[in-house]
Amino acid sequence: MTLKKLIDKKDQMADWIIGDITHIIQTFEKRSPGSKGELQSCEYYAELCEEYGCDEVVVEEFEEHPNSFFGWLYFAVTFVLLSLGTYWFAPIISAILCTCGAVIALLQFGMYKKFVDRFFKKATGHNMMAIKKPKGEVKQRIFFNGHCDAVWEWPVNYLLGGIGFEAHAVIGFAGLFYTLGISIASMIKNGSILGGPSTLLLTKMGVYGLAFVPFLIGLYFLWNEHHIVDGANDNLTGCEMGIAVLKALRLGRSSQGRVPGCSYHHLFL
């Protein structure tokens with residue numbers, strides 16, 4: 001199978017992808033994480049993988065707490081807002097609150113650790129995994145992955161656009177590190193972990209920190225947990241890339257057979 005044959009059929013492949021995505025959006029229920037619509041999408045892709053010659057196809061369950069993906073913001077933002085208040089009489093508490101907020105953000109969002117999941121409702125999610133084996137010895141493996149579920153609406157993104165959305169988030173988290181910094185500076189200058197700002201500069205810095213409050217409060221509304229956006233790019237297009245490879249292999253099978261020594265794994269999360 002040559003690449004030229006695939007390139008020549010790129011328009012046909014694009015039509016197939018659009019057709020699959022349209023079918024899922026119009027036919028199945030909303031695809032919120034852990035929903036029936038998510039399961040329906042996984043089962044649909046499992047059928048396609050079987051149709052296009054995969055040797056193993058599995059739909060598996062897993063436990064999840066969907067709202068924790070953005071819900072950690074409630075904890076982190078609240079801690080930073082409280083730290084702006086405690087700065088005036090107990091900078092040590094302010095520093096601890098800021099550190100807690102940073103740790104939650106790092107673990108929950110940066111490292112995908114289930115740090116605050118227990119505080120959110122549990123659901124049963126689904127993965128679909130399909131494997132297409134080579135005709136000979138396995139010498140390398142190629143993984144394609146995406147996720148069938150859809151994401152929540154981002155109201156700030158609609159209101160301010162992509163740049164405004166990102167700037168809002170960056171400014172909000174800058175407030176965390178700013179408050180942590182002035183809290184440490186206050187403790188060093190005062191020689192004590194308690195007590196308010198001891199200089200005019202530290203007082204002004206505390207007042208300037210209040211400018212972050214609107215941005216921090218705005219982070220509470222960064223996402224709308226009651227509205228799922230059943231679009232294509234997050235992330236049915238990712239799923240369709242794996243399906244497109246299977247279709248391409250099927251198109252070339254009559255003349256070339258399976259690709260020697262290459263095992264194609266398609267993981268839809």
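Which element gives the most to the lining of the second largest pocket? Helix α6 does, with four residues. The model is predicted.

**Largest pocket**
- The largest pocket holds about 810 Å³ of space.
- Its lining consists of 27 residues, and F62, E64, F69, Y112 and D149 are the ones nearest the centre.
- At least two lining residues come from each of β1 (56-64), α4 (68-86), β2 (123-132), β3 (140-146) and β4 (151-153).
- Eleven of the lining residues are nonpolar, eight are polar and eight are charged.

**Second largest pocket**
- The volume of the second largest pocket is about 270 Å³.
- Its lining includes F70, W72, L73, F109, W154 and L222.
- Two or more lining residues come from each of α4, α5 (91-110) and α6 (155-190).
- The lining of this pocket has eleven nonpolar residues, one polar residue and no charged ones.

**Aromatic pairs**
- The structure contains 18 aromatic pairs.
- One of them is F69 with Y112, an edge-to-face pair with 6.0 Å between centres and 65 degrees between planes.
- Because F69 sits in helix α4 and Y112 in the loop between α5 and β2, this pair ties together parts 43 residues apart in sequence.
- F69 is partly exposed at 34% relative accessibility, and Y112 is exposed at 58%.
- F75 and F119 form a tilted pair, since their ring centres are 5.3 Å apart and their planes lie at 45 degrees.
- F75 belongs to helix α4 and F119 to the loop between α5 and β2, so the pair ties together parts 44 residues apart in sequence.
- F75 is partly exposed at 25% relative accessibility, and F119 is exposed at 53%.
- One aromatic cluster includes F69, Y112, W152, Y220 and W223.

Terms used. Residues numbered from 1 in each chain as written. Predicted model: local features only at pLDDT ≥ 70, side-chain atom pairs only at ≥ 80, totals over all residues. Heavy atoms only, no water. 1 Å grid on protein atoms, 1.4 Å probe; cavity = no way out; pocket = protein on both sides within 12 Å on 5 of 7 lines; lining within 4 Å. Points joined across faces, edges and corners; volume = space filled by probe spheres on them. Nonpolar A, V, L, I, M, F, W, Y, C, P; charged D, E, K, R; others polar. Phe/Tyr/Trp six-rings, centres within 6.5 Å; stacked < 30°, edge-to-face > 60°. Buried < 20%, exposed > 50% of the residue type's maximum accessible area, 1.4 Å probe, protein only.
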